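Good morning, colleagues, and thank you for your attention.

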Amino acid sequence: MLTAKNIVKNYAVDGKVVPVLKGVSLSIAEGEFVSVVGRSGSGKTTLLHVLATLIQPDGGELHFGDHDLRRLPEKKLNILRQADFSVIFQFHHLLPYLTVLENSLLSCMHRMKPVPKEAVERAYHCLGRVGLADKADRLPGNLSGGEQQRVAIARALVKSSKVIFADEPTGSLDKATGEQIMELLAGLHQDGMSLVMVTHEPEYAKLSERTVVIEDGMTKR
Ligand SMILES: Nc1ncnc2c1ncn2[C@@H]1O[C@H](COP(=O)(O)OP(=O)(O)O)[C@@H](O)[C@H]1O
Ligand SMILES: [Mg+2]
């Protein structure tokens with residue numbers, strides 16, 4: 001469903017070109033759970049951001065179904081990303097001035113239009129699933145790290161995204177909380193969503209169907 005071929009990504013540091021991804025190829029089937037491991041600085045986050053279309057690669061191909069993501073006009077890409085992709089970051093990316101409910105509904109909010117009642121009901125249902133129904137009116141600043149990650153998961157549930165990209169989603173959490181988050185993520189996969197997860201934890205990588213190792217800007221074979 002999502003296919004990356006020979007992805008190249010360089011960063012410019014002090015006027016010098018630093019290659020980070022040197023031709024990474026990877027494909028994720030519909031409903032598949034893939035983990036990405038590798039040393040710190042090996043390019044895992046960069047790869048995840050390229051796959052999620054948050055950054056543009058410098059070379060290679062990226063397809064999602066029939067869509068050539070590198071050639072899709074920005075507007076169409078925004079719509080596709082909004083509809084089908086969800087990203088869960090190591091440190092939550094919630095909007096601090098919106099409540100838990102509003103953060104979970106972010107993809108349903110369009111300018112000044114009211115959010116449909118069904119979407120709000122759905123959001124409450126999804127917050128219930130991640131155990132946050134009673135905290136719907138709180139602001140993210142009043143939540144624990146694990147709870148903030150659960151809001152990000154609820155957001156993916158509300159959208160019923162096709163692909164979830166998670167970048168060390170348990171990285172900033174204690175072990176017990178990390179395990180809860182992993183259970184929720186595994187649940188999304190059981191619901192049929194594709195899951196691409198960067199992780200440092202071998203025991204979490206084992207939960208995936210396939211592990212991809214990034215080393216020296218390449219996938220290790
Ligand atoms: N925006 C950036 N500008 C310059 N260098 C970057 C940038 N982002 C990441 N890097 C560098 O690219 C390499 C890979 O980073 P990253 O993808 O974050 O690795 P990982 O997630 O595996 O730790 C690192 O050496 C990092 O310092
Ligand atoms: Mg990283």
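Let me begin with one residue, D84. Setting aside residues up to four places away in sequence, D84 touches F64, S161, K162 and V163. Please bear in mind throughout that this is a predicted model. D84 belongs to helix 2, which covers residues 74–84. Is D84 buried or exposed? Its relative accessibility is 13%, and because buried means under 20%, D84 counts as buried.

I turn now to the nonpolar cores. The largest of them has 33 residues, and I153 and L185 are those with the most contacts inside it. Which elements give two or more residues to this core? They are helix 3 (100–104), helix 4 (117–129), helix 5 (145–159), strand 7 (163–167), helix 6 (175–190) and strand 8 (194–198). Helix 5 gives the most, with seven residues. As for I153, if its neighbours within four places in sequence are left aside, its contacts are I88, V130, I181, L184, L185 and L188. Another core lies apart from this one; it has 28 residues, including A4, L48, L69 and V212.

Next, the packing of the helices. In general, two packed helices are described by the angle between their axes and the distance between the axes.

For helix 5 and helix 6, the angle is about 5 degrees and the axes are 10 Å apart. Helix 5 is therefore roughly parallel to helix 6. On the side of helix 5, the residues that meet helix 6 are G146, Q149, R150, I153 and L157. Helix 6 contributes T177, Q180, I181, L184, L185 and L188. Taken by class, the residues of this contact are six nonpolar, four polar and one charged.

How do helix 4 and helix 5 pack? Here the angle is about 135 degrees, with the axes 9 Å apart. These two helices are therefore oblique to each other, and the crossing of helix 4 and helix 5 is right-handed. The contact of helix 4 with helix 5 has six nonpolar residues, two charged ones and no polar ones.

Methods: Residues are numbered from 1 along each chain as its sequence is written. Chains are lettered from A and ligands numbered from 1 in the order in which they are written. This is a predicted model: local features need pLDDT of at least 70, side-chain atom pairs count only at pLDDT 80 or more; totals for chains, interfaces and linings use all residues. Side-chain values use heavy atoms; hydrogens and water are left out. A nonpolar core is a set of buried Ala, Val, Leu, Ile, Met, Phe, Trp, Tyr and Cys residues joined through side-chain atoms within 4.5 Å. Buried means under 20% relative accessible area, exposed over 50%, partly exposed in between (1.4 Å probe, protein chains only). Helices (H or I, at least four residues) and strands (E, at least two) are DSSP runs, numbered from the N terminus. Contact means heavy atoms within 4.5 Å. Axes are lines fitted to C-alpha atoms, for helices over the stretch in contact, and angles run from 0 to 180 degrees between N-to-C directions. Angles under 35 degrees count as roughly parallel, over 145 as roughly antiparallel, 65 to 115 as roughly perpendicular and the rest as oblique. Ala, Val, Leu, Ile, Met, Phe, Trp, Tyr, Cys and Pro count as nonpolar, Asp, Glu, Lys and Arg as charged, and the others, Gly among them, as polar. A crossing is left-handed if the near helix is turned anticlockwise from the far one by less than a right angle, and right-handed if clockwise.
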